[in-house]
Amino acid sequence: MEQFRNIGIIGRLGSSQVLDTIRRLKKFLLDRHLHVILEDTIAEVLPGHGLQTSTRKLLGEVCDLVIVVGGDGSLLGAARALARHNIPVLGINRGNLGFLTDIRPDELEEKVAQVLDGHYLVENRFLLQAEVRRHHEAIGQGDALNDVVLHPGKSTRMIEFEIYIDGQFVCSQKADGLIVATPTGSTAYALSAGGPIMHPKLDAIVIVPMYPHTLSGRPIVVDGNSELKIVVSKDLQIYPQVSCDGQNHFTCAPGDTITVSKKPQKLRLIHPLDHNYYEVCRTKLGWGSRLGSRDD
């Protein structure tokens, strides 16, 4: 296992709980004589920290490990910036669900110590890359760990579009939109739209229509190396949006083409050794626990 000496810290802004956790984490890492580097935006709200600072982009070049303190949204943003550097990322949950940031604040020292001592699991999670083209010219592009979503934006009107997979026509649809999700994103927006839960180890992409105007519109799971092309109808009266992880957005025009495929670089996500994906689903999604024993 890798030995981590240069530790970067990224935190969600606007939360006093996140700042308290970062202070604890900083003290713990310094007590272990490690070099700690703060992302510059979080450093601005921690006066007197006395640490080296760096932009998020450069953290991937100077760190051996990056720890994200916040919710899954914070880790999504970090993933898009750090995946290209092949740097491991560990999450401490200060959000709501915590599918990706799976260390609780009360177990911070114990679990982070285990990771630093080399006792951890590594998952390689793939990202999607999306590109919008207009008259054969790229006008917008973005990456997503969870999903790429075509939606009507502020409009309440339906979108009409065609779907192609690896150059083959699949169908045309009228719907509120379309979700293209990774296995990581299958427990996010795609799940709310009726998509399947996919284990993170699967090399697959799920295409989930949002309220399609047909009784036969169902999610489709395709090979992870597939290239998806979505063609917005030229007759559309609105300008829909494409959102990557719900954080990066760009506007489409009628006739635009959205291409979605797997990004070459993957996120290296670290978990403690006792990480159990099914336990996470059971806890976060409210699945039933084991049946109690009977005396009769």
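In this predicted model, aspartate 72 is buried, with a relative accessible area of 18%. That value places Asp72 in the buried class because the class takes in residues under 20% relative accessible area. UniProt places the feature "active site" at this residue, Asp72. Aspartate 72 belongs to helix H4, which covers residues 72-82. When residues up to four places away in sequence are not counted, the contacts of aspartate 72 are with Leu97, Gly98, Phe99, Leu100 and Thr101.

The domain assignment divides the chain into domain 1, made of 4-119 + 271-283, and domain 2, made of 126-263. Between the C-alpha centres of domain 1 and domain 2 the distance is 30 Å. Contacts between the two involve 11 residues of domain 1 and 15 residues of domain 2.

The largest nonpolar core holds 29 residues, and the members that touch the most others are Leu25, Leu29, Ile67, Val112 and Leu116. Two or more residues each are given to this core by strands S1 (6-11), S2 (35-39), S4 (65-70) and S5 (88-93), and by helices H1 (16-31), H2 (40-43) and H5 (108-116). Helix H1 supplies the largest share, six residues. For leucine 25, the contacts beyond neighbours within four places in sequence are Ile9, Ile67, Val69, Ile92, Leu108 and Val112. Another core, of 28 residues, lies apart from the largest one and includes Ile159, Phe161, Ile165 and Val180. In soluble globular proteins, nonpolar side chains tend to be buried together.

Isoleucine 270 is located in strand S17, residues 257-272. Its relative accessible area is 0%, so isoleucine 270 is buried. Apart from neighbours within four places in sequence, isoleucine 270 contacts Phe4, Leu65, Pro88, Val89, Leu90, Val115, Tyr120, Leu121 and Val122. Isoleucine 220 is 50 residues away from isoleucine 270 along the chain, and the C-alpha atoms of the two are separated by 29 Å.

An open sheet is formed by six strands in the order S13-S12-S11-S8-S15-S16, with antiparallel pairing. Strands S13 (220-223) and S16 (248-251) stand at the edges; each has a single partner strand, so one side of each is left without a neighbour in the sheet. On average, and with direction ignored, neighbouring strands of this sheet are turned by 15 degrees against each other. Within the sheet, strand S8 (residues 147-151) runs antiparallel to strand S15 (residues 241-244), and four bridges join them. Histidine 151 has glutamine 241 of S15 as its bridge partner.

Two loop residues were examined for backbone geometry. Most residues other than glycine have a negative phi. Histidine 135 is not a glycine, yet has a positive phi of about 55 degrees. This histidine 135 sits in the loop between strand S6 (120-134) and strand S7 (137-144). With a relative accessibility of 72%, histidine 135 counts as exposed, because the exposed class begins over 50%. Aspartate 166 also has a positive phi, of about 50 degrees, although it is not a glycine. The loop that holds aspartate 166 lies between strand S9 (159-165) and strand S10 (168-175).

Notes:
Residues numbered from 1 in each chain as written. Predicted model: local features only at pLDDT ≥ 70, side-chain atom pairs only at ≥ 80, totals over all residues. Heavy atoms only, no water. Pairing = 2+ DSSP bridges. Axes fitted to C-alpha atoms, helices over the stretch in contact; angles between N-to-C directions. UniProt positions renumbered as here; feature names shortened; annotations may be inferred. Buried < 20%, exposed > 50% of the residue type's maximum accessible area, 1.4 Å probe, protein only. Contact = heavy atoms within 4.5 Å. Core = buried A, V, L, I, M, F, W, Y, C linked by side-chain atoms within 4.5 Å. Domains from an automatic or database assignment.
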